[in-house]
Amino acid sequence: MPATKVVVNIPDETPYDVRIGQNILGQLGHALRKLDQFSAIDQVLIITDDNVAPLYLAQTKEALSSAGFRVSDLSVHAGEDAKSLDVAKEIYEAMAMLALGRDCAVVALGGGVVGDLAGFVGSTYMRGVEVVQVPTTLLAMVDSSVGGKTGVNLQAGKNLVGTFNQPAYVCADTTVLMTLDEREWACGCAEIAKSAVIDSDDFFFWLTDAAAALSARDMAATEEAIARSVVFKADVVAQDKTESHGVRECLNYGHTLGHAIEKLAGYGVYSHGACVADGMRFAVRLGMRLVDTPQELVDAQDALLDELGLPKLPSHFEPQAILDAMKRDKKARHGQVRFVLPRDVGDWVLMDVEDDIILEQLQDW
Ligand SMILES: NC(=O)c1ccc[n+]([C@@H]2O[C@H](COP(=O)([O-])OP(=O)(O)OC[C@H]3O[C@@H](n4cnc5c(N)ncnc54)[C@H](O)[C@@H]3O)[C@@H](O)[C@H]2O)c1
């Protein structure tokens with residue numbers, strides 16, 4: 001199957017390609033050599049994690065060195081804890097020790113954690129060097145590697161320090177997804193379902209038909225799901241690069257309740273995707289109450305999430321505790337909890353919802 005190319009064209013930014021396909025990692029170096037920004041780049045630092053390194057680091061190094069790059073690599077412990085200022089500092093120091101100058105590039109080889117961390121380091125080291133994303137999880141391919149959000153976590157919350165910095169190139173080699181476990185697969189599927197509901201009938205009904213194949217990791221369905229998600233995200237980011245025009249917030253569909261459950265349960269207990277899927281189930285029902293969302297969408301979305309291996313989570317938490325967690329989220333504005341509510345497929349509103357309505361809805365949840 002030939003690789004798919006999606007061009008991300010954001011106003012005031014250099015357009016970049018997202019390549020999606022099987023066995024394309026080996027061509028990474030030569031693809032970079034074709035970019036103007038890489039004509040004078042000699043040194044490349046690959047940042048990865050200790051799960052991904054034994055699987056794909058050698059191949060990535062070979063792909064880059066065969067195109068004439070001098071390649072160094074650095075591996076962090078896998079997991080969300082790597083997204084910290086301490087780890088970022090260790091990487092800056094290592095880059096300085098390697099005498100990497102402004103004419104180097106950072107390659108993020110891994111899931112969203114590595115992508116966010118390496119993107120942050122690359123966009124701040126020496127006031128910014130080129131960053132290439134090589135996403136290796138489904139979530140990173142469909143979401144975090146595109147759109148330029150980078151960041152690290154603080155004790156006070158996730159992603160509280162970061163930058164908006166678009167990568168120069170994204171290489172999504174779908175063969176690497178075969179080593180992903182079920183939980184991470186479903187996690188990516190949740191973000192695909194989110195995109196489909198927000199985007200259009202065309203994406204939603206395609207995904208409904210393709211859900212069983214996607215769950216079974218059929219390659220054609222997987223590549224099309226990634227391409228459709230990237231096209232959707234690129235379009236949203238092109239309209240609202242820095243989440244300041246009320247458009248990019250649509251990407252937070254399902255995340256208001258999702259973040260609260262993820263936090264209350266303790267990070268890692270439920271996957272991020274499982275929590276987002278639960279948040280979508282909640283938001284669509286809140287939509288029925290507040291914006292006349294049809295029952296058909298509730299049923300169709302439930303069926304889709306079930307098919308994608310994202311069943312409803314057990315409700316352990318008191319409504320008030322969930323509401324408090326929502327209010328502490330960084331997306332809450334002046335203590336008002338904000339939801340993306342689908343009025344229908346491809347038709348959404350951003351709404352500040354009163355506490356008593358949220359509490360009532362949570363009682364029924
Ligand atoms: N920047 C954005 O726009 C954006 C969007 C969504 C999420 N995120 C961030 O993404 C992060 C979550 O990303 P994630 O879900 O990819 O998690 P992750 O990076 O922690 O990866 C999940 C696990 O899979 C392992 N792994 C990665 N690729 C693998 C492969 N091919 N085979 C086997 N194992 C593999 C990793 O080592 C890790 O243990 C969060 O920090 C979140 O905040 C960022």
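What follows is a set of questions and answers on the chain, its sheet and its ligand shell.

Analyst: This is a predicted model: local features need pLDDT of at least 70, side-chain atom pairs count only at pLDDT 80 or more, and totals for chains, interfaces and linings use all residues. Residues are numbered from 1 along each chain as its sequence is written.

User: How many helices and strands does the chain have?
Analyst: Helices (H or I, at least four residues) and strands (E, at least two) are DSSP runs, numbered from the N terminus. Counted that way, the secondary structure comes to 13 helices and eleven strands.

User: What radius of gyration does the chain have?
Analyst: The radius is taken over C-alpha atoms, and the globule rule is 2.2 Å times the number of residues to the power 0.38. For 365 residues the rule gives a value near 21 Å for a compact globule, and the chain agrees with it, at 20 Å.

User: In what order do the seven strands of the open sheet lie?
Analyst: Two strands pair if DSSP finds at least two bridges between them. The edge strands, each pairing on one side only, are S1 (4-8) and S4 (70-76). The pairing in the sheet is mixed, and the order is S1-S2-S9-S6-S5-S3-S4.

User: Do S1 and S2 run parallel or antiparallel?
Analyst: Strands of a sheet pair through backbone hydrogen bonds, in either of two directions. Valine 7 stands opposite aspartate 17 in S2. Five bridges join S1 to S2, and the two strands run antiparallel.

User: Which residue in S9 is the bridge partner of glutamine 133?
Analyst: Strand S6 (residues 130-135) and strand S9 (residues 169-173) run parallel and are joined by two bridges. In S9, the partner of glutamine 133 is valine 170.

User: Which elements give two or more residues to the shell around the ligand?
Analyst: A residue is near a molecule if its C-beta atom, placed from the backbone, lies within 6 Å of it. Of the 31 residues around the ligand, Asn51, Gly111, Gly112, Thr137 and Ser144 come nearest. The elements that give two or more are helix H4 (112-124), helix H5 (138-144), strand S8 (157-164) and helix H6 (182-199).
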